[in-house]
Amino acid sequence: MPRVTKDAIYVLDSSKLSGGASPQRLAGTMPRDTRLGPVTGRWGQVDILGRRHWVHTRFHDQIAAADREAGFAR
């Protein structure tokens, strides 16, 4: 699950059962101008830091907004 700030993207790992609601550890950071999406489906797949991550649909709008703010068209 990525968390986006104005300076960086922080990738947080959480258990499958929490659906991203309870981050457990910092998996890594990425430059703010990294494109995250697009994501589709109930569990959208994103490849971050060389690993596949699954993002629940309730967070898809946040990923789209982060991409727009970084200058990527949807």
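Is arginine 32 buried or exposed? At 14% relative accessibility, arginine 32 counts as buried, because buried means under 20% relative accessible area, while exposed means over 50% and partly exposed lies in between (1.4 Å probe, protein chains only). The close-ups below start from this residue.

This is a predicted model, in which local features need pLDDT of at least 70, side-chain atom pairs count only at pLDDT 80 or more, and totals for chains, interfaces and linings use all residues. Residues are numbered from 1 along each chain as its sequence is written, and side-chain values use heavy atoms, with hydrogens and water left out.

**View 1. Arginine 32 and its surroundings.** Look for arginine 32 in the loop between strand S3 (23-31) and strand S4 (43-48). Helices (H or I, at least four residues) and strands (E, at least two) are DSSP runs, numbered from the N terminus. Beyond its neighbours within four places in sequence, arginine 32 is in contact (heavy atoms within 4.5 Å) with residues including Val4, Ile9, Ala66 and Glu69. Its side chain also reaches the backbone oxygen of alanine 66 at 2.9 Å.

**View 2. The salt bridge of arginine 32.** Side chains of opposite charge can pair when their charged atoms come close. A search of the whole structure finds 1 salt bridge (a side-chain nitrogen of Lys or Arg within 4 Å of a carboxyl oxygen of Asp or Glu). Arginine 32 forms a salt bridge with glutamate 69, and the closest N and O atoms are 3.7 Å apart. The pair links distant parts of the chain, 37 residues apart: arginine 32 is in the loop between S3 and S4, and glutamate 69 is in helix H1 (residues 60-69).

View 3. Glycine 71 follows H1, and its phi is positive, near 95°.

**View 4. Strand S2 beside S3.** Strand S2 (residues 8-14) is largely enclosed by the rest of the structure, because 5 of its 7 residues are buried. S2 and S3 run antiparallel and are joined by 7 bridges; two strands pair if DSSP finds at least two bridges between them. Within this pairing, isoleucine 9 stands opposite methionine 30 in S3.

Note on methods. Polar contact = N/O pair within 3.5 Å; in protein donor to acceptor, adjacent residues only side chain to side chain.
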